[in-house]
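Open the model in your viewer and keep the sequence beside it. The stops below say what to select and what is there.

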Amino acid sequence: MKPPLGAYVVDLRTERVGIVTGHEGPRVRLRPYGGGREWDADPGAVRHATPAERLRAATAYANARSRGEVP
């Protein structure tokens, strides 16, 4: 699967939700919800995030921001 730019996906190897920011050769480039360090994932090991997974990522980011852990 080669998800489009801006799509929310789950990296099945790490179970992290990421936003597709690019395609580097055969790899998919992902950025965590709310920003942070990007990582590469195998296109065969990603799937579209469910609405619940997107909400969980947004809530985790909002909580971390309220604690001052992220800008």
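Contact here means heavy atoms within 4.5 Å. This is a predicted model, in which local features need pLDDT of at least 70 and side-chain atom pairs count only at pLDDT 80 or more, while totals for chains, interfaces and linings use all residues. Residues are numbered from 1 along each chain as its sequence is written, and side-chain values use heavy atoms, leaving out hydrogens and water.

Select Glu 53 in helix 1, residues 51–66; helices (H or I, at least four residues) and strands (E, at least two) are DSSP runs numbered from the N terminus. Not counting residues up to four places away in sequence, Glu 53 touches Val 10, Val 17, Arg 47 and His 48. Is Glu 53 buried or exposed? Glu 53 counts as buried because its relative accessibility is 13%, where buried means under 20% relative accessible area, exposed over 50% and partly exposed in between (1.4 Å probe, protein chains only).

Next, select strand 1 (residues 8–11) and strand 2 (residues 16–24), which run antiparallel and are joined by four bridges; two strands pair if DSSP finds at least two bridges between them. Tyr 8 stands opposite Ile 19 in strand 2. Four residues separate these strands in a hairpin, and Glu 15 in the turn has a positive phi of about 65 degrees.

Finish at Val 20: leaving aside neighbours within four places in sequence, its contacts include Pro 3, Val 9 and Val 28.
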